[in-house]
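Trainee: I would like to learn how to read this model. Please start with the ligand site.

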Amino acid sequence: MKHVTCAVIGCGVIAPTHIESFIKIPDLSIKHLCDLDLNKAEKLAAQYSIPNCTTDYRAILMDPEVDCVSVCTDHFSHAEITVAALEHGKHVICEKALTSTESGIDAMLDAHRKRPELVFSGIFQHRCEPTNRYLRNLIQSGKFGRILTCSLYVSCLRTNEYYQNDAWRGTWANEGGGVLINQSIHHLDLLRYFFGDIESVAASYDNFVHQGVIETEDTIAIALRFRSGILGTVIATSGSKSVTWRSGYTITGTEGFMEYTDFIPSYVNFVDSSLKEKVIKDFSDCKLDDALQVSKGYYGGGHPAQIADIIDAIRNGREPYVSGEAAAGTAKLVLACYESSRTGKWVNL
Ligand SMILES: NC(=O)c1ccc[n+]([C@@H]2O[C@H](COP(=O)([O-])OP(=O)(O)OC[C@H]3O[C@@H](n4cnc5c(N)ncnc54)[C@H](O)[C@@H]3O)[C@@H](O)[C@H]2O)c1
């Protein structure tokens with residue numbers, strides 16, 4: 001098995017999840033950590049016995065031993081770092097939301113097109129969780145009949161302090177948005193994963209409870225038309241003190257209906273009652289391996305599974321389960337929603 005040497009760029013909240021996911025993989029070492037704040041890198045390096053720390057990610061890219069970098073910085077900087085890493089021949093694991101601008105997304109995809117032998121994946125760990133994979137198969141095997149509508153809500157609380165603690169959060173320049181691009185992008189991505197590409201969107205956002213603290217939206221409502229003809233809606237807010245973290249989908253097909261709350265079916269009905277029983281049983285058998293649970297509950301347990309898949313893709317010269325292109329599609333969807341709200345028009349994707 002080829003030894004893989006990794007580095008993590010950005011040593012904030014999500015970095016330990018990448019480090020712990022790497023640690024679980026045999027024949028893999030983490031050689032460098034990087035953060036603009038050297039203290040953050042050094043603290044993590046001490047905790048996980050990682051030998052080198054730097055504030056300059058380019059120094060890592062110059063190291064010929066490094067095969068793969070995880071990009072765990074703010075959204076805007078993902079593009080510059082990813083492009084540079086691909087140009088230096090490194091495989092790239094880039095955290096969501098890939099990045100915050102259309103030109104940045106295109107530059108990342110262009111850089112990968114020039115180095116197709118490299119693996120480039122965007123983190124959408126929920127695609128790797130067993131219940132979500134099962135639900136996708138169920139939908140795509142036609143068990144709901146013709147799907148007519150789907151809806152999604154994400155309700156959570158992000159306090160003023162959360163936004164004030166890190167300068168990039170809640171800014172158009174560096175986060176690229178608010179509750180949609182950050183907290184809800186996972187759920188939006190699963191809409192594409194479950195139901196396929198989206199043709200057009202109409203959205204309206206506002207800042208209801210974080211006025212004077214963030215310049216981006218804390219609340220958004222979206223209407224969606226999928227290429228397959230499904231009609232959908234999304235509502236998301238980070239402004240309610242009554243709910244820390246809650247998400248849910250409804251799926252209505254001609255033959256089946258489901259409410260799917262925090263990635264667990266909370267209500268299931270199929271015209272075929274034997275199918276209903278089978279689906280309920282199958283879901284209860286879909287347990288995430290305990291060994292995969294490394295991070296905050298609502299991050300899910302998908303990071304280790306996705307990162308293990310990416311390293312396997314590097315070793316075997318294959319596409320990762322979540323390609324950079326797939327992640328780019330969801331980032332572009334987010335940007336289309338913002339454009340629609342600003343212009344007051346439907347935006348085609
Ligand atoms: N997949 C998930 O569930 C999940 C969860 C949380 C965060 N994230 C994503 O992870 C990324 C980081 O989020 P976070 O919450 O860890 O942010 P954070 O602010 O806690 O950490 C980001 C770190 O990157 C560093 N940084 C910024 N620019 C840099 C550069 N050019 N070189 C080196 N270091 C640099 C900052 O100093 C900071 O320490 C974001 O894209 C975020 O959306 C994903």
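Mentor: Start with the term pocket. On a 1 Å grid over the protein atoms alone, a pocket is an open set of points with protein on both sides within 12 Å along at least five of seven lines. A molecule sits in a pocket if more than half of its atoms lie within 2 Å of its grid points. Here the ligand takes up the largest pocket. Two cautions: this is a predicted model, where local features need pLDDT of at least 70, side-chain atom pairs count only at pLDDT 80 or more, and totals for chains, interfaces and linings use all residues. Residues are numbered from 1 along each chain as its sequence is written, and side-chain values use heavy atoms, with hydrogens and water left out.

Trainee: Which residues come nearest to the ligand?

Mentor: A residue is near a molecule if one of its heavy atoms lies within 4 Å of it. There are 27 residues around the ligand, and Asp35, Lys40, His75, Lys96 and Trp168 come nearest. Helix 4 (residues 75–87) gives the largest share of this shell, four residues. Helices are DSSP runs of H or I, at least four residues, numbered from the N terminus.

Trainee: Which polar atoms face the oxygen atoms of the ligand?

Mentor: A polar backbone atom of Lys96 is 2.6 Å from a ligand oxygen. For a polar backbone atom of Ile14 the distance is 2.9 Å. An N or O atom in the Trp168 side chain is 2.8 Å from a ligand oxygen. On its own the ligand has 850 Å² of accessible area (Shrake-Rupley method, 1.4 Å probe), and the protein covers 91% of that.

Trainee: Is Arg169 buried or exposed?

Mentor: Buried means under 20% relative accessible area, exposed over 50%, partly exposed in between (1.4 Å probe, protein chains only). Arg169 counts as buried because its relative accessibility is 12%. Arg169 lies in the loop between helix 7 (160–165) and helix 8 (185–195). Its side chain makes a polar contact of 3.1 Å with the side chain of Tyr162. A polar contact is a pair of N or O atoms within 3.5 Å; within protein, one must be able to donate a hydrogen and the other to accept it, and residues adjacent in sequence count only if both atoms are side-chain atoms.

Trainee: Where is Tyr338 found?

Mentor: Tyr338 is in helix 11 (residues 324–343). Tyr338 is buried, with a relative accessible area of 1%. Its side chain joins that of Glu217 through a polar contact of 2.7 Å.

Methods. Helices (H or I, at least four residues) and strands (E, at least two) are DSSP runs, numbered from the N terminus. On a 1 Å grid over the protein atoms alone, a cavity is a set of points where a 1.4 Å probe fits but cannot get out, and a pocket is an open set with protein on both sides within 12 Å along at least five of seven lines; lining residues have an atom within 4 Å of a point.
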